[in-house]
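Trainee: I've just opened this one and could use a hand. Can we walk through it together?
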Amino acid sequence: QDTHNTSRIQERFWKVNKIQFVYDTSQAYFKDAINPGKHTAVSHHLTLFRTPEGKSYKCKAQETLVLISSDHHKMVSLFLSQTHIQPFDINSDFIFSEASKCVVDQQERLEETLPLILGLTLGLIIVVMLTVYHLHQKYTATARQTQVPRDRAQYKHM
């Protein structure tokens, strides 16, 4: 768990600090493996999946984790996608708490909604400008019209 102070409010977070991945290169997934057998890859001092306490971590986008093999000569890359994890406080089988989305998913959502917001704003500006133009034309045309005098005595001054 991690604690973060921001303007006298103390928020608590959970995060992953270490990942250990055990894999067997003698399996069919690893074709033509040079050194077949079980291997371990580890990464220390991480700050992954940092999420507010009481929430689950959810990310649809692909995330890449690079781990160091136990023989220190190989790098192992893990590609995670459609990730949904919660280390504790799970109420029942596979029912997660409210999800905290990863940064990539939040950016994708913004990229989806931003054009809609900009389009609606531009449309509103166009409608306002057309309305102002119409009202301006209406009032200036009325002011420019010559008034026909009701009294016939004023005709000689026209």
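This is a predicted model: local features need pLDDT of at least 70, side-chain atom pairs count only at pLDDT 80 or more; totals for chains, interfaces and linings use all residues.

Trainee: How many residues does the largest nonpolar core have?

Mentor: The largest nonpolar core has 16 residues, and Leu-67 is among those with the most contacts inside it. A nonpolar core here is a set of buried Ala, Val, Leu, Ile, Met, Phe, Trp, Tyr and Cys residues joined through side-chain atoms within 4.5 Å; buried means under 20% relative accessible area, exposed over 50%, partly exposed in between (1.4 Å probe, protein chains only).

Trainee: And what is Leu-67 in contact with?

Mentor: Leaving aside neighbours within four places in sequence, Leu-67 contacts residues including Ile-19, Phe-21 and Val-76. Contact means heavy atoms within 4.5 Å.

Trainee: Switching to Thr-64, which residues does that one touch?

Mentor: Not counting residues up to four places away in sequence, Thr-64 touches Ser-77, Leu-78 and Phe-79. Thr-64 is partly exposed, at 45% relative accessible area.

Trainee: How far is Thr-64 from Ser-81, C-alpha to C-alpha?

Mentor: Those atoms are separated by 8.9 Å, with the two residues 17 apart along the chain.

Trainee: What about Ile-68, buried or partly exposed?

Mentor: Ile-68 is partly exposed, with a relative accessible area of 41%.

Note on methods
Residues are numbered from 1 along each chain as its sequence is written. Side-chain values use heavy atoms; hydrogens and water are left out.
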